[in-house]
Amino acid sequence: MNNISYIKQQDSIIEEYISSNDKIAAKKTLAFQYFNNDLKAFDEYIRNNLYSNNQSLNIKLPRAQLEFSF
């Protein structure tokens, strides 16, 4: 049987951002290195490549608040 699960390799930008202790400093450094010091482009890249595949972050809000009358 073939029970091998292949894990998608992340790129070095996301790995370096995730492994950093100081996210703000890492964000500025990576934006300077790869995005010509454009923080908005870096934020968009992280939002599209890091958070879009995580299903637990897609939180659905309730349509109405449930109220009990006692």
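Author: At 11% relative accessibility, Ile13 counts as buried, where buried means under 20% relative accessible area, exposed over 50% and partly exposed in between, with a 1.4 Å probe and protein chains only. This is a predicted model, in which local features need pLDDT of at least 70, side-chain atom pairs count only at pLDDT 80 or more, and totals for chains, interfaces and linings use all residues. Residues are numbered from 1 along each chain as its sequence is written, and side-chain values use heavy atoms, with hydrogens and water left out.

Reader: In which helix is the place of Ile13, and which residues does Ile13 touch, not counting residues up to four places away in sequence?

Author: Ile13 is placed in helix H1, helices being DSSP runs of H or I with at least four residues and strands runs of E with at least two, numbered from the N terminus. With contact taken as heavy atoms within 4.5 Å, and leaving aside residues up to four places away in sequence, Ile13 touches Leu30, Tyr34, Phe35, Phe42 and Tyr45.

Reader: Which side chains meet in a salt bridge, and at what N to O distance?

Author: A salt bridge is a side-chain nitrogen of Lys or Arg within 4 Å of a carboxyl oxygen of Asp or Glu, and a search of the whole structure finds 1. Because Asp43 lies in helix H3 and Lys27 in helix H2, the pair ties together parts that are 16 residues apart in sequence. Asp43 is partly exposed, at 26% relative accessible area, and the side chains of Asp43 and Lys27 meet at 3.0 Å.

Reader: Why is the pair of Phe35 and Phe42 edge-to-face?

Author: Rings of Phe, Tyr and Trp (its six-membered ring) pair if their centres lie within 6.5 Å, and planes under 30 degrees apart count as stacked, over 60 as edge-to-face and the rest as tilted. The structure holds 3 aromatic pairs. In the pair of Phe35 and Phe42 the ring centres are 5.7 Å apart, and the pair is edge-to-face because the planes are at 65°.
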